[in-house]
Amino acid sequence: MRKHVMMTLLDTEQSYVESLRSLIQGYMRPLKQPDGSSIVDPLLVDEMFYQIPEILEHHEQFLEQVAGCVSQWHDRQTVGHLLIHSFSKDALADMYSAYIDNFLNAKDAVRIAKEAKPAFHKFLEQNMRENKEKQALGDLMIKPVQRIPRYELLVKDLLKHTPEDHPDYLFLLDAQKNIKRLAEKINKGRRSAEEAEREARVIQEIEAHIEGVEHILNPQRKFLRQEIVMEAKTVGGKKDRSLFLFSDLIICTTLKRKSGSLRRSSMSLYTAASVIDTSSKYKFLWKLPLEDMEVVKSSSQAANKESVQKMITRLDEDLSTLGQISKLSETLSFPHQSLDEAIKDLMASVHKELSEKQSLAFSMTFLPTKLEFTTASAESTFVFEFSSPDARSSFEQAFEDAKKKLAMNKDQWDPEFLKAIPIMKTRSGMQFSCASPSHSCPDSGCEVWVCNSDGYVGQVCLLNIKDEPTVEACIAVCSARIICIAAVPGLKGRDRVSEPAPTSGPPTHPQQQLDISISPTTLELTEQPTGPGAELVPFDSDDSDDEDSPSPSSTLQSQASHSTISSSYGNDEGLSSKDMATETTSSEEEQEFPVPSSYGAPGVLGVGGGSRAHIESPMDGRAMRRSSRGSFTRASLEDLLSIDPEAYQSSVWLGTEDGCIHVYQSSDNIRNRKNSMKMQHSASILCILYFDNKVFVSLANGEVIVYQREAGSFWDPQSSQMLVLGTPSSPVTKMVPVGRKLWCGSQNRVLIINTTTLVQEHWFQVGTDSNRCVTCMVAYGQGVWLALQGSAQVRLYHAETWESLTEVDVAPAVHKMLAGADAIIRQHKAACLRITALLACKDLLWIGTSAGVVLTLAIPTVSTGTGAGTLKFPLVPIGSAHGHTGHVRFLTSIELPEGFNMNFPPTTTDSTGNQPPSSSVDDESLQRRDSAHRRTSTHIPVKTNHLVISGGDGYEDFRLTNSSETIGRDDSTNHLLLWRV
């Protein structure tokens, strides 16, 4: 029976692959031919057959494996491993999710093509006749949607006929879990996309029927209900009104019924978008955020009701007492007729009073039909009369529920969007790559270094955070793409020992250069040779070589560290940005000097050369050294090398695609293009990390170079060590400090390194797809968050036990944010969705995506005992209304000093993204309260001066529909987005 089930699998897989081939060979390829444009628009062809080639390639490989398994069938044959290998890949889930998400668009594309050109309709009919199955295009297109659930049934049949002691049994159980997980993931993505799209269409339909309202579409907004009411006006009596209640907003409109229309007291467009009351006309009056509105409660009414209840209780007690008196009177021997009559009259009076009070209490259970709203500042009030107490009660309950849910979903840190800063491109194709705040924070403001490149020129833009964050300069620093950046703090706690030396006036001609050449055994102090036979050319500290790729012949490689180190000082002359194009053709070359490495192999180092000021001949055994600030220190050579003033300054390290590390002192003026140190490696620099007084540098060839510094000295290339943690095919792509350990991502593995011994202590695997490497990784508390290449899932691991705690899919949240976008753009972004950046800041995990959406996720508390399944609440990412048109390229943060204030121009939009409307109500009272006012709430703590910065392609406000004039305006301009948390 097992073989029979396998034959069924083989037959159905062959049929499925043939159907996919028919789509490619019979439809897509002919329509993609040059003459196919006369039949159908080429763009519609791409829409119809989206993801089909990728799905076909996967199933052709799977079919070949199944056929091989069946041809070699025996009783102990295993097939579960084939199913696990094929259906556990994240790429397969992404392909099917993208196809299913796009399926409705694909059907629409077929319909549009039929209506546009009759030739396309004839083409479809002819192809169906030639198809041996006589299947129409629509029949073939539905097959991928139906295919995955059928694998579940086949595996179930295989398990039914496989004994538990069979070697295939456990494989089949795992395969069943993987296929079920795949089906659930696909269905979940489809449902979330459909739900978000449906909600967006409902709001768009409402917007179309309200005259004067615009841009109410918001990915986080849901429509709840509509209510027809009467507004009680102090002047003018009562007016017909319509209230539209959303999850975060309430809109009031005028109401004008057309002749013959029926009065509708309430309806829910959210459950049936087709029941919008088009028989009435609506004109926009005002809108208010729910958090700015309160229902006015009647305190006297509640007090009266409580008083009536107390009276009823006392009357009940009186009746009980009179009953007891009546029984006692019966025991009297003396005549007591008058007493009985008195008791009877008294009981009748109490009964009457009790009946009246009970009637009053019963009538008080029916709420009045009027409902009064007031704004948060109590500047405006609105009184509405509903058609019935039930309608009034139901609307009030929906309003209060929406407010409670809004408060629960509103994260306590509530990131506040500040500003979008455009970065104009100095060259075509410039894109952001990375960014980092510098450790120095001058009085004038703090700086963030933002790197971008077009593949030929590496550029650094300086974002100055002072009165108002501005980009002060964009400087070309090298002739390669900058891949990574790291801010490295300087040494602290030791006074600098230096002997200032006077400097001379401006140079009139090149002066004698001082070279310190260090061999493995001796130190030599020499004058630089100037004759034609000199091997070393004069070193110019203007580092124009930063703009040119170093030629291989001019680079001396260290056999151990594979690095070249050069140090430059002096020369305050720099090139302006207008000289950028000419700098790339400069013929000046930076001089590189040999130094020993820790392995005894020759390295290179340059010290002191490059000053054009007059320097006395150092023949007395003493030397002078010029610092980056222009001052000279005169001392013995040994002192100059042991007391390094630069060691006390922070620095910024830039890693480039051509294998070069540029080190700039943060206090330097980068406009002069002076780098303190430059190190050339044999492979691209993938990641730079400062940790435990060391700088770790990962290379694309699998090596990790560890630079160290001793007390009182700058970073010493001689003491660098090389760790081989990966290979050229699986280098270390990400490094993160976790506790006292270093986590390194290599392919889909995480290596745990002891930073003291530099020994690998442990490793574990992330996911099952070895073709996906770790691209994003951040640590927060005892949790480590990471994402794999091409994946839309972020995973949480325990920092101590290395256990996988949870996995969060960001696709539903992204689908919600994109719901109002153009259908083709939305489907394209959803199909290619992946996580591109991670940042942990102030109890929030920030997630950047390829769709341009920036998400935040409340970070759960991870303790020593936290394990898989112990997290108490579901982790739901929330999208920001502000994001990028294209990819999010980086996320970084900067903490500003206490008392540091920033000024931003006042925004002219309210919380819904619109200009405040003019109406009978004072405009200021209808605008959302500013951040300072909102932070007085007990639910929202005061924000610190902590900025989160996102860099990416373009800027997009996801609250605006695609009909907005701003759409597409900033698509090609790189933007920095700033939030305060």
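Here is a short chat about some labels used for this predicted model.

User: What should I know before we start?

Analyst: Residues are numbered from 1 along each chain as its sequence is written. This is a predicted model, where local features need pLDDT of at least 70, side-chain atom pairs count only at pLDDT 80 or more, totals for chains, interfaces and linings use all residues, and side-chain values use heavy atoms, leaving out hydrogens and water.

User: Why are cysteine 461 and cysteine 474 called a disulfide?

Analyst: A disulfide is a pair of cysteine sulfur atoms within 2.5 Å. Theirs sit 2.4 Å apart, so they form one. The structure holds 1 disulfide.

User: What makes that disulfide right-handed?

Analyst: The torsion about the S-S bond of cysteine 461 and cysteine 474 is about 110 degrees, so it gets that label.

User: Why does cysteine 461 count as buried?

Analyst: Buried means under 20% relative accessible area, exposed over 50%, and partly exposed in between, using a 1.4 Å probe and protein chains only. Cysteine 461 has 2% relative accessibility, so it counts as buried. Cysteine 474, at 17%, counts as buried too.

User: And how do you know that cysteine 484 is in no disulfide?

Analyst: The nearest cysteine sulfur, that of cysteine 687, is 6.1 Å away. Cysteine 484 also counts as buried, at 6% relative accessibility.

User: What makes the buried residues of α6 line one face of the helix?

Analyst: Those buried residues are Phe120, Phe123, Leu124 and Asn127. Seen down the axis of α6, they fall within an arc of 100 degrees (taken from the directions from the helix axis to the C-beta atoms), so they line one face. The face turned away from the buried side carries exposed Pro118, Lys122 and Arg129.

Terms used. Helix = DSSP H or I, 4+ residues; strand = E, 2+ residues; numbered from the N terminus.
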